[in-house]
Structures are given as C-alpha cells and as structure tokens.
Amino acid sequence: ATPAATMVGTTIGAQNGVLFEGGDILERVRDVDTVVFDKTGTLTKGEMELTDVVALPATDGGSVEHDAAADGGAVVESEVSEQFVLEVAASAESGSEHPLAEAIVEGARERGIEVEDADEFENVPGQGVRATTSHGRVLVGNRTLLREAGVDVTPAEDAMDRLEREGKTAMLVALADGEGAGDGDIDAAAGDYRLLGVVADADTVKESAETAVAELRERGTDVWLITGDNERTAEAVAEQVGIDPGNVMAGVLPEDKADAVEQIQSDGRRAMMVGDGVNDAPALATAFVGCAIGSGTDVAIEASDVTLMRSDPLDVVKAVRVSEGTLSKIK
Ligand code: ADP
Ligand code: MG
C-alpha cells in the first residue's frame with residue numbers, strides 16, 4: 001500500500017472507532033483468515049447478574065458446624081439454606097473485583113443480605129477465590145479450585161450441569177467444617193471443606209455478536225471462541241452466536257490463552273485475537289493481529305495492534321473491511 005492509501009485507511013478506521021497502530025497493521029488485518037473471540041466482555045456484555053442459588057440437600061441433617069469469628073471464634077451450627085449459601089459466598093467474594101464476584105455481592109444485597117467483608121481474601125486467577133470470613137474459611141469457584149482443596153464435587157454435579165446448559169457460570173461454594181476449621185492460613189489446601197451449594201451468574205450475549213460472526217464466516221474467516229469458563233457454558237454461548245462447537249476452547253487458564261492462540265495458528269493460520277481483559281494481553285501479543293475491544297483494560301490496549309473504541313463485535317468486521325477496501329483501491 002502507498003503511504004497515501006494507508007493514511008486514508010487509518011483515517012476511515014478512526015472515523016469508525018477502529019484504531020490501527022500503523023500502516024503495516026492495516027495490511028496485516030487484510031491477511032487475517034481466523035478470528036478468535038474471548039467470551040466474557042467481548043462476545044458477551046460482561047455484565048453479570050446473579051440468577052440462581054442452590055443449597056445442596058444435606059446428607060447429615062441439613063446443618064453445618066463452622067467457626068464464627070463474630071461469636072468470638074465459637075463453633076456454631078447453621079442451617080444450610082439458600083440464604084446461608086449466598087451469605088457465605090457473598091462475604092468471600094466481597095474483596096474481589098471480578099465481574100462474577102461483583103454480581104454475587106450485588107445479588108446478595110438485593111436479596112436483603114447484609115454482606116460482611118472477608119477478613120482475608122485470595123484471588124485464584126481463572127478459578128475463584130479463597131477467603132476467611134466470619135463464617136470461617138470459604139472457597140467459591142470452579143471444580144478445579146474445589147478439587148484441589150480435596151472437596152468431592154459430585155453432589156453438586158446435577159445442579160452445575162443444569163445451570164451450565166443454560167449458559168450460566170455456576171460456582172461451587174464450600175465452607176470449612178467443624179471445630180477449628182476456620183483457623184490457620186487461607187493458603188493451606190487441607191481442611192475439611194463441606195460443599196454447601198452452588199451460585200450462578202448469567203451474562204448476556206451482545207446484540208451484534210451473531211451478525212458479526214455471520215459476516216466474518218461469509219468472508220471465509222474461521223471463527224473461534226476461547227474462554228476460561230467451562231465447556232458447557234462456552235458451547236451454549238457459541239451456539240447463540242453461530243460459532244461451531246468444534247471451534248470452542250474452554251477452561252483455558254489466563255496464562256494458557258497465548259498458547260491456545262499459538263495452537264490455533266500452528267498450521268500457518270493468521271489469527272486476529274479479540275479480547276478485553278488483563279488476562280488477554282499475552283494472547284493479543286501472540287496473535288498475528290491483537291485487537292482490544294471497547295472497555296478494554298490499558299494492558300490489553302497496550303498489547304494490541306488494533307483498538308476498537310466501542311464494545312461492538314461488528315467493529316471487528318469493520319476493521320477487516322477498512323483494510324480490504326483501502327488496499328484494493330490502490331491495486
Ligand atoms: P473468562 O475467561 O471468561 O474471562 P476467568 O478466566 O476470569 O473467565 O475465570 C474462569 C473461571 O474461573 C470462571 O468461569 C469461574 O468459574 C472461575 N472464577 C474466576 N474468578 C472467580 C471468582 N471471583 N469467583 C468465583 N469463580 C471465579
Ligand atoms: Mg475475561
């Protein structure tokens with residue numbers, strides 16, 4: 001492309017809220033044959049809402065013994081109700097800024113629960129949180145987080161399965177059970193955790209996501225979905241937007257997203273990775289073209305070649321069109 005054509009392209013792009021980090025990027029975008037979308041905040045609005053609380057039917061009478069710092073560390077017995085499950089989960093999540101966590105805390109407040117701040121809190125990226133609360137030690141997160149703490153998650157499988165098929169993100173809630181179980185280091189994996197129940201958040205797919213995917217596929221572009229969320233939720237979202245179930249990579253840990261992109265590109269594909277989160281920066285940098293979308297974090301924008309000012313997946317199509325239009329004009 002001539003410098004003049006490149007300037008026209010970048011200008012048209014900017015007028016459309018599509019910022020190319022230089023002229024050679026414009027040419028790169030034209031050569032993209034694969035688009036990899038991050039799920040949360042990219043294809044979905046990233047505005048989570050608490051939708052479900054499930055208290056697991058207890059095998060031993062429906063109550064749990066746990067530490068209560070509020071009662072001077074005494075062991076108390078509580079009925080495992082939906083209210084209790086949510087109270088425990090919200091308190092553990094009170095220190096987290098993750099959208100999943102904020103929805104749980106917000107949902108609890110809306111349901112009239114007074115959410116107590118966690119005493120200690122640890123974020124486990126891509127898995128959940130570990131916290132010490134007035135109820136004792138708590139885990140809220142995915143299967144991996146609980147399994148690693150030695151919790152048998154099978155009693156929650158039916159509920160998890162049902163919620164995930166509805167496209168929701170279901171999270172397990174466990175509380176350290178018995179006398180003294182609330183003591184000690186929150187890092188300690190050991191502890192007789194008692195599985196209390198499940199909480200679920202739902203996100204909504206962006207209005208233009210389906211059209212964006214359809215237009216990319218029409219162009220002959222292969223479209224992928226990549227997420228840290230579980231397979232069932234990911235597939236439900238993929239189905240809603242028209243992405244092939246074979247093109248879904250789920251359960252990808254933040255640090256593995258770049259590898260996943262590399263895997264997709266391994267047969268010479270030229271992928272544009274579209275993402276918004278801090279987690280996505282390495283993947284954006286690895287992709288043939290990295291594209292930060294809308295409300296994207298500074299880290300994501302820094303790592304990207306194209307920045308979309310709006311949060312609209314259709315602007316990905318625009319980026320491609322601008323690059324093709326400009327380059328064909330001068331050929
Ligand atoms: P995404 O790739 O969709 O942005 P993340 O990598 O942030 O998702 O998280 C992956 C999974 O880890 C979530 O679907 C959820 O099951 C679990 N998780 C992450 N953070 C939290 C949290 N604060 N509370 C509970 N679960 C969490
Ligand atoms: Mg994300």
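Okay, I'll talk about the shell around ligand 1 and then about strand S13.

Quick housekeeping: this is a predicted model, where local features need pLDDT of at least 70, side-chain atom pairs count only at pLDDT 80 or more, and totals for chains, interfaces and linings use all residues. Residues are numbered from 1 along each chain as its sequence is written, while chains are lettered from A and ligands numbered from 1 in the order in which they are written.

So, the ligand. There are 22 residues around ligand 1, going by a C-beta atom, placed from the backbone, within 6 Å of it. Thr-40, His-98, Gly-128, Asn-142 and Gly-228 come nearest. Among the elements giving two or more residues to that shell are helix H3 (39-43) and strand S7 (128-133); helices are DSSP runs of H or I with at least four residues, strands runs of E with at least two. Both domain 1 (3-46 + 205-329) and domain 2 (49-202) supply at least three residues each, with bounds from an automatic or database domain assignment.

Now S13, residues 271-275. Is it buried or exposed? Five of its five residues are buried, so the strand is largely enclosed by the rest of the structure; buried here is 20 or more other C-beta atoms within 10 Å of the residue's own, with C-beta atoms placed from the backbone. Ala-271, Met-273 and Gly-275 point one way, Met-272 and Val-274 the other.

And its neighbours? S2 (residues 34-38) runs parallel to S13, joined by four bridges, with Phe-37 partnering Val-274. S14 (residues 289-293) is also parallel to S13, again through four bridges, and Met-272 partners Val-289; pairing takes at least two DSSP bridges.

How values were computed. Buried ≥ 20, exposed ≤ 12 C-beta atoms within 10 Å, placed from the backbone.
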